Amino acid sequence: MPLDKSKNPWNPDDEGDHYPIKREWWTIETIFKNLENNRKWNLKIIMSYNMETPSCFYQYALFDITSGKCIFRKDIDDKIDKFIHKKNEVYLQYDKTIIKGLFPKYNVHLEDEKHELFIDMDFNAISLPHWLAQDIAKGNLPFGWNFYRYGFIPNCDSKGSLKIKNKSYKIQGKGYFEHVWGEWSYQNPLQKISGSKQTILTYINLAKWWISHHKPSIPNCISFTTENNIFGYDWNWGIFDNGWSLFYGNILFWINDGPTFGVLYITPDGENYWEFRDINFHYNKLIYVKDYDIYFPSDMILTAKLGEKKVNLRFWLTTKSYEYIDSFKNDGFYKAFILSEMPGNMEGEYTDGKKTLKLQGDCKMMPLRQPSILGHNELKILFTKPPNGIGIDVVFDSHYLKKHLETGIQFKMKPKIKFNIQRLKNKDYS
(Lines give C-alpha, C1' and ligand atoms only; values in the text may rest on other atoms or scores of the structure.)
Protein backbone atom coordinates (compact mmCIF):
# COMPACT_ATOMS: atom_id res chain seq x y z
CA MET A 1 0.00 0.00 0.00
CA PRO A 2 1.58 3.36 -1.03
CA LEU A 3 2.46 5.89 1.66
CA ASP A 4 0.44 9.06 2.09
CA LYS A 5 3.32 11.48 1.49
CA SER A 6 1.18 14.42 2.61
CA LYS A 7 1.74 13.14 6.17
CA ASN A 8 5.53 13.48 5.86
CA PRO A 9 6.73 15.65 8.82
CA TRP A 10 10.01 16.45 7.06
CA ASN A 11 10.67 19.14 4.49
CA PRO A 12 13.84 19.63 2.38
CA ASP A 13 15.26 21.96 5.04
CA ASP A 14 15.06 19.12 7.59
CA GLU A 15 16.93 16.75 5.29
CA GLY A 16 19.72 19.11 4.22
CA ASP A 17 22.52 20.51 6.38
CA HIS A 18 22.17 23.09 9.19
CA TYR A 19 25.79 24.22 9.02
CA PRO A 20 27.31 25.89 11.04
CA ILE A 21 25.37 24.34 13.94
CA LYS A 22 27.66 22.78 16.56
CA ARG A 23 27.09 19.11 15.64
CA GLU A 24 25.27 17.29 12.84
CA TRP A 25 25.26 13.77 11.42
CA TRP A 26 23.52 11.46 8.96
CA THR A 27 23.46 7.67 9.39
CA ILE A 28 22.31 4.77 7.26
CA GLU A 29 21.98 1.17 8.44
CA THR A 30 21.07 -1.79 6.29
CA ILE A 31 20.83 -5.53 6.84
CA PHE A 32 20.84 -7.38 3.54
CA LYS A 33 21.58 -10.67 1.79
CA ASN A 34 23.44 -11.33 -1.43
CA LEU A 35 21.08 -13.17 -3.72
CA GLU A 36 23.63 -15.67 -5.02
CA ASN A 37 24.14 -17.61 -1.75
CA ASN A 38 21.86 -15.91 0.83
CA ARG A 39 24.82 -14.66 2.89
CA LYS A 40 23.75 -11.99 5.41
CA TRP A 41 25.50 -8.63 5.93
CA ASN A 42 25.15 -5.39 7.90
CA LEU A 43 26.45 -2.03 6.67
CA LYS A 44 26.54 1.18 8.73
CA ILE A 45 27.73 4.55 7.38
CA ILE A 46 28.00 7.79 9.39
CA MET A 47 28.99 11.18 8.00
CA SER A 48 29.18 14.12 10.39
CA TYR A 49 30.84 17.39 11.33
CA ASN A 50 31.33 19.25 14.57
CA MET A 51 32.28 22.87 15.09
CA GLU A 52 34.11 22.39 18.42
CA THR A 53 37.30 21.02 16.89
CA PRO A 54 36.34 21.85 14.07
CA SER A 55 36.45 18.58 12.13
CA CYS A 56 34.45 16.04 10.18
CA PHE A 57 34.01 12.34 10.91
CA TYR A 58 33.46 9.48 8.48
CA GLN A 59 32.79 5.94 9.59
CA TYR A 60 31.63 2.77 7.98
CA ALA A 61 31.49 -0.80 9.26
CA LEU A 62 30.65 -3.86 7.18
CA PHE A 63 29.73 -7.00 9.11
CA ASP A 64 29.61 -10.42 7.51
CA ILE A 65 26.87 -11.66 9.82
CA THR A 66 27.07 -15.18 8.42
CA SER A 67 30.71 -15.50 9.50
CA GLY A 68 30.04 -13.55 12.72
CA LYS A 69 32.52 -10.68 12.42
CA CYS A 70 33.17 -7.15 11.20
CA ILE A 71 35.31 -7.60 8.09
CA PHE A 72 35.94 -3.99 6.97
CA ARG A 73 35.76 -0.65 8.77
CA LYS A 74 37.07 2.90 8.72
CA ASP A 75 36.94 5.55 11.45
CA ILE A 76 38.36 8.81 10.13
CA ASP A 77 38.61 12.24 11.79
CA ASP A 78 39.55 14.81 9.16
CA LYS A 79 39.52 18.51 8.31
CA ILE A 80 35.99 19.86 8.26
CA ASP A 81 36.15 20.94 4.60
CA LYS A 82 36.81 17.34 3.50
CA PHE A 83 33.10 16.61 4.10
CA ILE A 84 30.76 18.05 1.44
CA HIS A 85 27.11 18.62 2.37
CA LYS A 86 24.30 20.76 0.99
CA LYS A 87 21.16 22.51 2.19
CA ASN A 88 17.61 21.45 1.30
CA GLU A 89 18.67 18.01 0.08
CA VAL A 90 20.66 15.03 1.22
CA TYR A 91 23.98 15.33 -0.55
CA LEU A 92 26.84 13.98 1.54
CA GLN A 93 30.30 13.22 0.24
CA TYR A 94 33.51 12.14 1.93
CA ASP A 95 36.20 11.13 -0.53
CA LYS A 96 34.41 8.81 -2.99
CA THR A 97 31.57 7.77 -0.69
CA ILE A 98 28.30 9.60 -1.49
CA ILE A 99 24.79 9.51 -0.01
CA LYS A 100 22.15 11.57 -1.82
CA GLY A 101 18.40 11.98 -2.30
CA LEU A 102 15.20 13.26 -0.75
CA PHE A 103 12.39 11.32 0.89
CA PRO A 104 11.38 8.71 -0.13
CA LYS A 105 14.36 7.79 -2.37
CA TYR A 106 18.07 7.79 -1.51
CA ASN A 107 21.19 6.41 -3.16
CA VAL A 108 24.29 5.12 -1.35
CA HIS A 109 27.68 4.69 -3.02
CA LEU A 110 30.61 3.46 -0.92
CA GLU A 111 34.19 2.99 -2.10
CA ASP A 112 37.13 1.65 -0.14
CA GLU A 113 39.91 1.14 -2.66
CA LYS A 114 42.32 -0.26 -0.06
CA HIS A 115 40.02 -3.21 0.61
CA GLU A 116 38.69 -3.28 -2.98
CA LEU A 117 35.17 -2.77 -1.62
CA PHE A 118 32.42 -1.11 -3.70
CA ILE A 119 28.75 -0.87 -2.74
CA ASP A 120 25.90 0.76 -4.68
CA MET A 121 22.50 0.68 -3.07
CA ASP A 122 19.10 2.33 -3.57
CA PHE A 123 16.99 3.07 -0.50
CA ASN A 124 13.22 3.35 -1.01
CA ALA A 125 11.39 4.41 2.18
CA ILE A 126 8.26 2.40 2.93
CA SER A 127 7.65 4.17 6.24
CA LEU A 128 7.14 7.87 6.89
CA PRO A 129 9.89 9.80 8.68
CA HIS A 130 9.35 10.39 12.39
CA TRP A 131 10.77 12.77 14.99
CA LEU A 132 11.92 11.40 18.32
CA ALA A 133 9.42 12.61 20.96
CA GLN A 134 7.37 14.06 18.09
CA ASP A 135 4.17 14.39 20.12
CA ILE A 136 5.85 15.34 23.42
CA ALA A 137 8.57 17.86 22.57
CA LYS A 138 8.05 18.36 18.80
CA GLY A 139 11.30 16.51 18.15
CA ASN A 140 13.49 18.81 20.27
CA LEU A 141 15.35 16.83 22.92
CA PRO A 142 17.61 18.08 25.72
CA PHE A 143 21.25 17.06 26.14
CA GLY A 144 23.01 18.63 29.12
CA TRP A 145 21.94 22.28 28.94
CA ASN A 146 21.30 22.19 25.21
CA PHE A 147 19.15 20.65 22.47
CA TYR A 148 19.28 18.33 19.53
CA ARG A 149 16.74 17.29 16.90
CA TYR A 150 16.48 13.62 15.93
CA GLY A 151 14.58 12.31 12.91
CA PHE A 152 14.56 8.79 11.48
CA ILE A 153 13.01 6.54 8.83
CA PRO A 154 12.84 3.00 10.29
CA ASN A 155 11.84 0.97 7.22
CA CYS A 156 13.37 1.22 3.75
CA ASP A 157 13.72 -1.36 1.01
CA SER A 158 17.36 -1.58 -0.02
CA LYS A 159 18.81 -3.20 -3.13
CA GLY A 160 21.86 -2.90 -5.33
CA SER A 161 25.29 -4.46 -5.74
CA LEU A 162 28.26 -5.44 -3.56
CA LYS A 163 31.75 -5.98 -4.96
CA ILE A 164 34.63 -7.31 -2.84
CA LYS A 165 37.91 -7.71 -4.72
CA ASN A 166 36.96 -9.49 -7.93
CA LYS A 167 33.61 -10.90 -6.77
CA SER A 168 30.30 -9.11 -7.42
CA TYR A 169 26.92 -9.84 -5.84
CA LYS A 170 23.36 -8.59 -6.19
CA ILE A 171 22.04 -7.55 -2.78
CA GLN A 172 18.62 -6.93 -1.26
CA GLY A 173 17.44 -6.12 2.24
CA LYS A 174 16.07 -3.57 4.66
CA GLY A 175 17.43 -0.19 5.69
CA TYR A 176 17.21 2.67 8.18
CA PHE A 177 18.04 6.38 7.76
CA GLU A 178 18.50 9.11 10.41
CA HIS A 179 19.47 12.77 10.62
CA VAL A 180 20.47 14.50 13.88
CA TRP A 181 21.65 18.05 14.59
CA GLY A 182 21.90 20.46 17.49
CA GLU A 183 23.90 22.66 19.85
CA TRP A 184 25.44 20.18 22.25
CA SER A 185 28.81 18.75 23.24
CA TYR A 186 29.80 15.26 24.37
CA GLN A 187 32.93 16.45 26.14
CA ASN A 188 31.39 19.55 27.75
CA PRO A 189 27.63 18.87 27.94
CA LEU A 190 27.06 21.41 30.72
CA GLN A 191 29.29 24.16 29.38
CA LYS A 192 26.86 26.30 27.38
CA ILE A 193 23.99 27.59 29.51
CA SER A 194 22.44 30.24 27.24
CA GLY A 195 19.46 27.98 26.48
CA SER A 196 19.22 26.39 29.92
CA LYS A 197 15.80 27.87 30.77
CA GLN A 198 14.16 26.25 27.74
CA THR A 199 16.11 23.05 28.36
CA ILE A 200 14.90 22.81 31.95
CA LEU A 201 11.30 23.33 30.80
CA THR A 202 11.71 20.54 28.26
CA TYR A 203 13.14 18.21 30.93
CA ILE A 204 10.11 19.04 33.12
CA ASN A 205 7.62 18.37 30.27
CA LEU A 206 9.30 15.07 29.46
CA ALA A 207 9.29 14.11 33.15
CA LYS A 208 5.58 14.93 33.43
CA TRP A 209 4.85 12.82 30.36
CA TRP A 210 6.92 9.95 31.76
CA ILE A 211 5.23 10.04 35.18
CA SER A 212 1.77 10.19 33.60
CA HIS A 213 2.43 6.97 31.69
CA HIS A 214 4.05 4.95 34.45
CA LYS A 215 1.77 3.61 37.16
CA PRO A 216 3.39 3.72 40.60
CA SER A 217 4.58 0.22 41.45
CA ILE A 218 7.36 -1.59 43.23
CA PRO A 219 9.60 -3.42 40.74
CA ASN A 220 11.20 -6.78 41.39
CA CYS A 221 14.61 -5.20 40.86
CA ILE A 222 16.16 -1.84 40.08
CA SER A 223 19.88 -1.39 39.47
CA PHE A 224 22.14 1.66 39.00
CA THR A 225 25.65 1.80 37.51
CA THR A 226 28.11 4.64 37.02
CA GLU A 227 28.65 3.87 33.30
CA ASN A 228 24.91 4.15 32.53
CA ASN A 229 25.04 7.90 33.05
CA ILE A 230 22.94 10.52 31.22
CA PHE A 231 25.60 11.03 28.53
CA GLY A 232 25.15 7.51 27.17
CA TYR A 233 22.26 5.61 25.64
CA ASP A 234 20.95 2.28 24.39
CA TRP A 235 19.81 2.23 20.74
CA ASN A 236 18.07 -0.59 18.85
CA TRP A 237 16.63 -0.75 15.35
CA GLY A 238 15.03 -3.72 13.67
CA ILE A 239 12.69 -5.15 11.05
CA PHE A 240 10.37 -8.03 11.90
CA ASP A 241 9.66 -10.79 9.40
CA ASN A 242 6.03 -9.61 9.16
CA GLY A 243 7.17 -6.18 7.89
CA TRP A 244 6.78 -4.24 11.15
CA SER A 245 9.71 -1.99 12.03
CA LEU A 246 11.02 -0.89 15.42
CA PHE A 247 13.06 1.90 16.97
CA TYR A 248 14.18 2.00 20.62
CA GLY A 249 16.23 4.73 22.26
CA ASN A 250 16.85 5.15 25.98
CA ILE A 251 18.73 7.83 27.92
CA LEU A 252 19.91 5.79 30.88
CA PHE A 253 19.94 8.14 33.92
CA TRP A 254 22.29 5.66 35.67
CA ILE A 255 19.63 2.93 35.63
CA ASN A 256 20.99 -0.50 34.69
CA ASP A 257 17.83 -2.57 35.22
CA GLY A 258 14.30 -1.22 35.52
CA PRO A 259 12.19 1.54 33.92
CA THR A 260 13.41 3.38 30.82
CA PHE A 261 13.53 7.13 30.21
CA GLY A 262 13.33 6.61 26.47
CA VAL A 263 11.04 5.67 23.60
CA LEU A 264 9.92 2.52 21.85
CA TYR A 265 8.21 2.93 18.48
CA ILE A 266 6.71 0.16 16.39
CA THR A 267 5.06 0.91 13.05
CA PRO A 268 3.03 -1.92 11.49
CA ASP A 269 2.28 -0.08 8.24
CA GLY A 270 4.82 2.74 7.88
CA GLU A 271 2.29 5.49 8.64
CA ASN A 272 1.00 4.82 12.14
CA TYR A 273 3.58 4.82 14.91
CA TRP A 274 2.74 3.07 18.16
CA GLU A 275 4.62 4.93 20.90
CA PHE A 276 4.79 2.40 23.72
CA ARG A 277 4.86 3.48 27.34
CA ASP A 278 5.63 1.98 30.72
CA ILE A 279 8.81 0.49 29.21
CA ASN A 280 11.14 -1.65 31.32
CA PHE A 281 14.46 -3.22 30.38
CA HIS A 282 16.74 -5.94 31.68
CA TYR A 283 20.23 -6.98 30.53
CA ASN A 284 20.72 -10.75 30.14
CA LYS A 285 24.39 -10.61 29.09
CA LEU A 286 27.15 -8.01 29.23
CA ILE A 287 30.48 -7.37 27.48
CA TYR A 288 33.33 -6.01 29.61
CA VAL A 289 35.75 -3.38 28.24
CA LYS A 290 38.72 -3.80 30.57
CA ASP A 291 40.70 -0.69 29.58
CA TYR A 292 37.78 1.56 30.61
CA ASP A 293 36.23 -0.70 33.28
CA ILE A 294 32.70 -0.62 31.86
CA TYR A 295 30.05 -3.08 30.68
CA PHE A 296 27.90 -3.08 27.51
CA PRO A 297 24.66 -5.05 27.08
CA SER A 298 24.82 -7.74 24.38
CA ASP A 299 21.50 -9.42 25.22
CA MET A 300 18.50 -7.52 26.58
CA ILE A 301 14.78 -7.76 27.30
CA LEU A 302 12.16 -5.01 26.79
CA THR A 303 8.58 -5.02 28.04
CA ALA A 304 6.18 -2.20 27.19
CA LYS A 305 2.50 -1.23 27.06
CA LEU A 306 0.23 1.08 25.05
CA GLY A 307 -3.35 0.72 26.21
CA GLU A 308 -4.32 -2.87 25.45
CA LYS A 309 -1.19 -3.35 23.34
CA LYS A 310 1.70 -5.14 25.03
CA VAL A 311 5.07 -6.33 23.78
CA ASN A 312 7.75 -8.53 25.30
CA LEU A 313 10.93 -8.47 23.22
CA ARG A 314 14.43 -9.91 23.38
CA PHE A 315 17.43 -8.57 21.40
CA TRP A 316 20.76 -10.36 21.24
CA LEU A 317 24.13 -10.11 19.51
CA THR A 318 24.89 -12.70 16.79
CA THR A 319 28.41 -11.59 15.77
CA LYS A 320 31.55 -10.41 17.49
CA SER A 321 30.95 -6.79 18.52
CA TYR A 322 33.06 -3.88 17.34
CA GLU A 323 33.81 -0.97 19.71
CA TYR A 324 34.66 2.45 18.34
CA ILE A 325 36.60 4.31 21.06
CA ASP A 326 37.42 8.03 20.99
CA SER A 327 39.49 8.91 24.06
CA PHE A 328 39.00 12.46 25.33
CA LYS A 329 42.13 14.57 25.14
CA ASN A 330 41.55 16.45 28.38
CA ASP A 331 42.03 14.96 31.84
CA GLY A 332 38.45 15.52 32.98
CA PHE A 333 35.99 13.31 34.80
CA TYR A 334 34.87 11.46 31.64
CA LYS A 335 37.50 9.47 29.77
CA ALA A 336 36.11 8.52 26.35
CA PHE A 337 33.23 8.16 23.90
CA ILE A 338 32.64 4.43 23.27
CA LEU A 339 30.10 3.16 20.74
CA SER A 340 29.56 -0.57 20.31
CA GLU A 341 28.29 -2.05 17.02
CA MET A 342 26.13 -5.17 17.45
CA PRO A 343 24.16 -6.83 14.61
CA GLY A 344 21.73 -9.34 16.03
CA ASN A 345 18.35 -11.02 16.15
CA MET A 346 15.16 -10.15 17.99
CA GLU A 347 12.10 -12.13 18.95
CA GLY A 348 9.10 -11.73 21.19
CA GLU A 349 5.35 -11.46 21.45
CA TYR A 350 2.73 -8.81 20.74
CA THR A 351 -0.80 -8.86 22.11
CA ASP A 352 -3.67 -6.35 21.99
CA GLY A 353 -6.31 -8.23 23.96
CA LYS A 354 -7.83 -9.71 20.80
CA LYS A 355 -4.90 -11.40 19.10
CA THR A 356 -1.41 -12.54 19.95
CA LEU A 357 1.46 -12.52 17.45
CA LYS A 358 4.87 -14.13 17.66
CA LEU A 359 7.54 -11.72 16.39
CA GLN A 360 11.04 -12.36 15.08
CA GLY A 361 13.50 -10.54 12.86
CA ASP A 362 16.88 -8.88 12.41
CA CYS A 363 18.13 -6.00 14.53
CA LYS A 364 21.09 -3.72 15.23
CA MET A 365 22.05 -2.66 18.74
CA MET A 366 24.36 0.30 19.37
CA PRO A 367 24.92 1.13 23.05
CA LEU A 368 26.93 4.29 23.73
CA ARG A 369 28.82 4.89 26.98
CA GLN A 370 31.01 7.66 28.36
CA PRO A 371 33.10 6.00 31.11
CA SER A 372 34.35 8.08 34.00
CA ILE A 373 37.41 7.88 36.24
CA LEU A 374 35.25 5.96 38.74
CA GLY A 375 35.03 2.87 36.51
CA HIS A 376 32.24 0.37 37.14
CA ASN A 377 30.19 0.69 40.32
CA GLU A 378 26.76 -0.88 40.79
CA LEU A 379 23.95 -0.59 43.33
CA LYS A 380 21.29 -3.28 42.98
CA ILE A 381 18.05 -3.29 44.99
CA LEU A 382 15.87 -6.41 45.00
CA PHE A 383 12.35 -6.37 46.40
CA THR A 384 10.47 -9.34 47.86
CA LYS A 385 6.71 -8.97 47.49
CA PRO A 386 3.69 -11.00 48.63
CA PRO A 387 2.96 -13.90 48.52
CA ASN A 388 6.70 -14.59 48.87
CA GLY A 389 7.01 -12.26 51.84
CA ILE A 390 8.08 -8.63 52.25
CA GLY A 391 11.67 -7.54 52.13
CA ILE A 392 14.52 -5.77 50.47
CA ASP A 393 18.07 -6.84 49.56
CA VAL A 394 20.82 -4.40 48.59
CA VAL A 395 23.99 -5.39 46.74
CA PHE A 396 26.78 -2.86 46.15
CA ASP A 397 29.85 -3.55 43.97
CA SER A 398 32.54 -0.89 43.59
CA HIS A 399 35.57 -1.42 41.37
CA TYR A 400 36.75 2.05 42.37
CA LEU A 401 36.67 1.25 46.09
CA LYS A 402 37.37 -2.47 45.55
CA LYS A 403 34.47 -3.37 47.83
CA HIS A 404 31.49 -5.71 47.70
CA LEU A 405 28.63 -5.23 50.16
CA GLU A 406 25.40 -7.15 50.72
CA THR A 407 22.67 -6.30 53.18
CA GLY A 408 18.95 -6.84 53.50
CA ILE A 409 15.95 -7.61 55.61
CA GLN A 410 13.19 -10.15 54.95
CA PHE A 411 9.86 -10.61 56.72
CA LYS A 412 8.68 -14.18 56.17
CA MET A 413 7.76 -16.85 58.68
CA LYS A 414 11.01 -15.95 60.42
CA PRO A 415 12.46 -12.43 60.00
CA LYS A 416 15.99 -12.44 58.59
CA ILE A 417 18.64 -9.72 58.54
CA LYS A 418 21.98 -10.10 56.74
CA PHE A 419 25.09 -8.01 56.21
CA ASN A 420 28.30 -8.88 54.39
CA ILE A 421 31.22 -6.80 53.12
CA GLN A 422 34.39 -7.98 51.37
CA ARG A 423 37.28 -6.62 49.37
CA LEU A 424 37.25 -7.12 45.60
CA LYS A 425 40.34 -8.14 43.65
CA ASN A 426 40.97 -7.16 40.02
CA LYS A 427 40.28 -10.74 38.89
CA ASP A 428 36.74 -10.40 40.22
CA TYR A 429 35.89 -7.76 37.58
CA SER A 430 34.83 -10.18 34.82
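What follows is a working chat about the predicted model shown above.

Visitor: What kind of model is it, and how are residues numbered?
Guide: This is a predicted model, in which local features need pLDDT of at least 70 and side-chain atom pairs count only at pLDDT 80 or more, whereas totals for chains, interfaces and linings use all residues. Residues are numbered from 1 along each chain as its sequence is written, and side-chain values use heavy atoms, with hydrogens and water left out.

Visitor: How many helices and strands are there?
Guide: The protein chain has 3 helices and 29 strands, where helices (H or I, at least four residues) and strands (E, at least two) are DSSP runs numbered from the N terminus.

Visitor: And how much of the chain is buried?
Guide: Of its 430 residues, 53% count as buried; buried means under 20% relative accessible area, exposed over 50%, and partly exposed in between, with a 1.4 Å probe and protein chains only. The protein chain exposes about 20700 Å², of which carbon and sulfur atoms supply 54%, with areas from the Shrake-Rupley method and a 1.4 Å probe, and for residues only the protein chains shown count as cover.

Visitor: Which residues make the nonpolar surface patch?
Guide: Phe 253, Trp 254 and Phe 261 make a patch of about 260 Å². Patches are made of residues with over 30% relative accessible area and no salt bridge, like charges being joined within 9 Å and nonpolar side chains (Val, Leu, Ile, Met, Phe, Trp, Tyr) within 5 Å. Phe 253 lies in the loop between β16 (245–251) and β17 (255–259), and is partly exposed at a relative accessible area of 31%.

Visitor: Switching to charges, how many salt bridges does the count come to?
Guide: The count comes to 16 salt bridges, each being a side-chain nitrogen of Lys or Arg within 4 Å of a carboxyl oxygen of Asp or Glu. One of them joins the side chains of Asp 64 and Arg 39 at 2.8 Å, N to O. That pair links distant parts of the chain, since Asp 64 is in strand β3 (residues 55–64) and Arg 39 is in the loop between β1 (23–34) and β2 (40–50), 25 residues apart.

Visitor: What does Arg 314 meet in a salt bridge?
Guide: The side chain of Arg 314 meets that of Asp 299 at 2.6 Å, N to O. Arg 314 lies in strand β21 (residues 309–317) and Asp 299 in strand β20 (residues 294–306), so the pair ties together parts that are 15 residues apart in sequence. Asp 299 is buried, with a relative accessible area of 3%, while Arg 314 is partly exposed at 26%. Elsewhere, salt bridges that share partners join Glu 29, Lys 44, Glu 341 and Lys 364 into one network.

Visitor: Now the strands: how do β8 and β9 pair?
Guide: Strand β8 (residues 105–112) pairs with β9 in the antiparallel sense over 8 bridges, two strands being paired if DSSP finds at least two bridges between them. Phe 123 in β9 is the bridge partner of Tyr 106, and the two strands form a hairpin with 4 residues between them, where Glu 116 in the turn has a positive phi of about 55°.

Visitor: Which residues are on the covered face of β9?
Guide: In strand β9 (residues 117–125) the covered face holds Leu 117, Ile 119, Met 121, Phe 123 and Ala 125, and the uncovered one holds Phe 118, Asp 120, Asp 122 and Asn 124.
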